[in-house]
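Please open the structure in your viewer and keep the selection tool at hand. This tour moves from the whole chain to single residues, and at each stop it says what to select.

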Amino acid sequence: MNAPWLTLIGLGEDGSFSAAAQTALDGSEIVYGSARHFDLVPGIFGEKRLWPSPFAKVFEDMAALKGRSVAVLATGDPQWYGIGSSLARHFPSAEMTVFPAPSAFQLAAARLGWAVQECECLSVHGRPVDRLRCHLYPGAHLLLLTSNGHAPREIAKLLQDEGCGASRMTVLEHLGGEKEQVFSGVAHAWSEDAADFHTLGIEVVATPGAAVHSRVPGLPDEAFRHDGKMTKQEVRAVTLAALKPYPGALLWDVGSGCGSVAIEWLRAADRTKAIGLEPHKERRLMAAENASSLGVPHLDLIDATAPDGLHGLSEPDAIFIGGGLTADNMVEFCLSALKPGGTLVANAVTLESEAVLLDAYQKHGGDLKRLSVQRASAVGGLTGWRPAMPVTQWSFVKS
């Protein structure tokens, strides 16, 4: 096991850090940080290096320094939406020592009197604020890291758009420093900017009649913009149950259409990822619009046709085939690409597609079922049942 050579030091707003971190810093040959960090920490003995541009170059630079004593200055807790989580993807934990300071979330919760474990701690720093739409529910307590001082106004508008204009917003600037300031207001009346370095707290209040979308799969069809060709609500709920989304998992959505299955996958569990293949431009545009409006703008949409368009994509944990089943070698290619333990689910509404699923079931096993939904509607002056097209579904877990 390699000895730690890389030290991460979290700083408070006033530049404070622990005595143990000071000892590590004093012994570092090279110190990375921002100009602000170097202003806060005088008396650094090692060589100071500002973050490079592009930032991603830093990982290559640090790898070349392996074995030397390197320190990194960061704000708050480096492992919570900080540089530490990025470094951990490039260097083993055994090679790093981390000295965290209290995070912005901890300090904000302390000022607001909120229990951190009961808050949604999120970052829209360098990320679309549309991601918040997935986390809005009555009574939610949100703690947010934002990109700049204009963000509270943008977020206040988003809250109004979602029927949550009565929500209370609190800006907490420069927490733990001499310039600390806290001010609050209601989203529908918000007009103030904030200091660029702030944390935002939100107590979500949904106005009567506001559409509150659960993260449990099975959103109403009306929640999506579509052209009629989509996996309908009841079948979609069964499909997501078979796909079994879990945090961090990647889905391939083959024939994504308006994106309904991929979007529900992304909403169902934190840190999930989804790649949607859709060759029709109009449907990709609808899918992108739906993804943003439902809080998952990070849906990755690709202009391609399967199976050829699947080559070179990251290995999936689950695959949904909603279109293109009759393409040559579609099922076999998807099965070969799937991770061991991964799940493939395919839906069919035509006899030709059903034949493909029957063949797959006979070759590989799995679970084959037919789903039928009937909805009540007017029949003259009375009410009757109108059946939707039945859907044949095959699901398979790769051993």
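The stops below go from the whole chain to a nonpolar core, and then to cysteines, loops and peptide bonds.

**Before you start**

This is a predicted model, in which local features need pLDDT of at least 70 and side-chain atom pairs count only at pLDDT 80 or more, while totals for chains, interfaces and linings use all residues. Residues are numbered from 1 along each chain as its sequence is written, and side-chain values use heavy atoms, with hydrogens and water left out.

**The whole chain**

Of the 399 residues, 46% are buried, where buried means under 20% relative accessible area, exposed means over 50%, and partly exposed lies in between, with a 1.4 Å probe and protein chains only.

Among contacts between residues at least 6 apart in sequence, 65% join residues at least 24 apart.

**The largest nonpolar core**

Now select Trp252, Leu310, Ile319, Ile321, Leu344 and Trp394, which touch the most other members of the largest nonpolar core, a set of 25 residues. A nonpolar core is a set of buried Ala, Val, Leu, Ile, Met, Phe, Trp, Tyr and Cys residues joined through side-chain atoms within 4.5 Å. The elements that each supply at least two residues of this core include strand E11 (250-254), strand E14 (318-321), helix H10 (330-337), strand E15 (343-348), helix H11 (351-364) and strand E19 (391-397). H10 gives the most to this core, with six residues.

Stay with Trp252 and display what surrounds this residue: leaving aside neighbours within four places in sequence, its contacts include Ile275, Leu310, Leu313, Pro316, Ile319, Phe333 and Ala337.

Six of its eight residues are buried, so H10 is largely enclosed by the rest of the structure. The buried residues of H10 are Met330, Val331, Phe333, Cys334, Leu335 and Ala337, and what covers them includes E11, E14, E15, H11 and E19.

Move to His135, in the loop between strand E6 (120-123) and strand E7 (141-145). Is His135 buried or exposed? At 11% relative accessibility, His135 counts as buried, and its contacts, leaving aside neighbours within four places in sequence, are Glu120, Leu122, Ala140, Leu142, Arg215 and Asp270.

Then find Asp193, in the loop between strand E9 (181-186) and strand E10 (198-203), which is partly exposed, with a relative accessible area of 35%. Asp193 and His150 are 43 residues apart in sequence, yet their C-alpha atoms are 5.2 Å apart in space. Not counting residues up to four places away in sequence, Asp193 touches Gly149, His150, Arg153 and Phe183.

**Backbone stops**

Most residues other than glycine have a negative phi, and most peptide bonds are trans. With that in mind, select Tyr81, whose phi is near 55°, a positive value; Tyr81 is found in the loop between strand E4 (70-75) and helix H4 (83-87). Asn329 has a positive phi as well, near 65°, and its place is in the loop between E14 and H10.

One runs from Ser53 to Pro54, with omega near 0°, and Pro54 lies in the loop between strand E3 (47-50) and helix H3 (57-63). Another joins Ala306 and Pro307, with omega about 5°, and Pro307 lies in the loop between strand E13 (300-302) and E14.

Conventions: Helices (H or I, at least four residues) and strands (E, at least two) are DSSP runs, numbered from the N terminus. Contact means heavy atoms within 4.5 Å.
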